[in-house]
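Please look over the sequence and the three-dimensional structure shown here before reading on.

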Amino acid sequence: MNKDNLFGKKTNNTKIIKIIGCGGAGIKTLKYLKKHEISDAVFFAVDYDDTLLHTSGADVKICLNPNASAEELHKGLDLSDDDTVIIIAGLGGNAGSELVSVLAKSVKNIACCYVMLPYLFDGFPRTNKANEVCEILSTLGVKTEVIDNNKFLDAAPKNMLIEQMHEGIYNMIYNSIIKLKENMQ
């Protein structure tokens with residue numbers, strides 16, 4: 001992608017999609033998507049941990065203070081009302097849950113928000129936090145694809161590594177994004 005298009009500006013009638021990975025799970029998914037090359041997409045990684053951002057492979061990396069405002073986040077993303085945005089986050093922890101909530105409340109054109117629910121063994125506080133974020137997304141009317149890690153875990157063969165199961169989830173998100181892009185053209 002050329003330098004003029006780094007922030008997703010439209011060129012030659014091609015619509016650029018901004019794909020934003022929030023928090024650990026969002027950034028891991030972003031790494032997978034980046035490797036599989038989605039045309040006309042700019043990848044943004046947003047987190048509170050600078051170390052995680054350096055390994056993301058994202059085109060733009062934004063390290064925020066946990067108390068950062070929506071304006072600070074928007075400035076880093078260079079968002080406009082014309083941008084088509086896809087958000088990916090794991091829910092239940094801090095960065096993914098908080099950042100997806102901020103973005104959902106403030107971004108105008110979200111094509112889809114992919115959120116992954118925590119495992120049951122992560123505990124009730126994480127599950128409760130994830131459910132609260134899902135309720136916010138629903139109330140705001142944001143198109144959301146909820147991925148329940150527990151259903152994948154239950155369906156996976158007992159000898160499958162969790163990393164292999166995650167690859168299946170990432171691939172499902174990739175295929176969904178490709179379909180979204182096709183429907184936009």
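Does Cys22 count as buried or exposed, and at what relative accessibility? Cys22 counts as buried, because its relative accessibility is 0%; here buried means under 20% relative accessible area, exposed means over 50%, and partly exposed covers what lies in between, with a 1.4 Å probe and protein chains only. The model is a predicted one, in which local features need pLDDT of at least 70 and side-chain atom pairs count only at pLDDT 80 or more, whereas totals for chains, interfaces and linings use all residues. Residues are numbered from 1 along each chain as its sequence is written, and side-chain values use heavy atoms, with hydrogens and water left out.

Cys63 counts as partly exposed, with a relative accessibility of 40%.

The interior comes next. A nonpolar core is a set of buried Ala, Val, Leu, Ile, Met, Phe, Trp, Tyr and Cys residues joined through side-chain atoms within 4.5 Å. The largest such core has 31 residues, and those with the most contacts inside it are Leu77 and Leu103. Two or more residues of this core come from each of strand 1 (17-22), strand 2 (41-47), strand 3 (60-63), helix 3 (70-77), strand 4 (84-90), helix 4 (95-106), strand 5 (110-117) and helix 5 (124-140), where helices (H or I, at least four residues) and strands (E, at least two) are DSSP runs numbered from the N terminus. Helix 4 gives the most to this core, with 5 residues. Another core, of 25 residues, lies apart from it and has Ile27, Tyr114, Tyr170 and Ile177 among its members.

Attention can now turn to the largest pocket. On a 1 Å grid over the protein atoms alone, a pocket is an open set of points where a 1.4 Å probe fits, with protein on both sides within 12 Å along at least five of seven lines, and its lining residues have an atom within 4 Å of a point. The largest pocket has a volume of about 420 Å³, a volume being the space filled by probe spheres set on the points, which are joined across faces, edges and corners. Its lining is made up of 21 residues, of which Gly24, Ala25, Gly90, Arg126 and Asn149 lie nearest its centre. Helix 1 (23-35), helix 4, strand 5 and helix 7 (162-184) are the elements that give two or more residues to this lining, and the largest share, 4 residues, comes from helix 1. The lining divides into 9 nonpolar, 9 polar and 3 charged residues, with Ala, Val, Leu, Ile, Met, Phe, Trp, Tyr, Cys and Pro counted as nonpolar, Asp, Glu, Lys and Arg as charged, and the others, Gly among them, as polar.

The loop between helix 1 and strand 2 holds Glu37 and also Asp40. Most residues other than glycine have a negative phi. Glu37, although not a glycine, has a positive phi of about 50 degrees, and Asp40, likewise not a glycine, has a positive phi of about 55 degrees. Glu37 is exposed, with a relative accessible area of 66%, while Asp40 is partly exposed, with a relative accessible area of 28%.

Ile169 has its place in helix 7 and counts as buried, at 1% relative accessibility; Ile169 and Thr29 are 140 residues apart in sequence and 8.5 Å apart in space, C-alpha to C-alpha. Leu140 lies in helix 5 and is partly exposed, with a relative accessible area of 41%; between Leu140 and Lys105 there are 7.2 Å in space, C-alpha to C-alpha, and the two are 35 residues apart in sequence.
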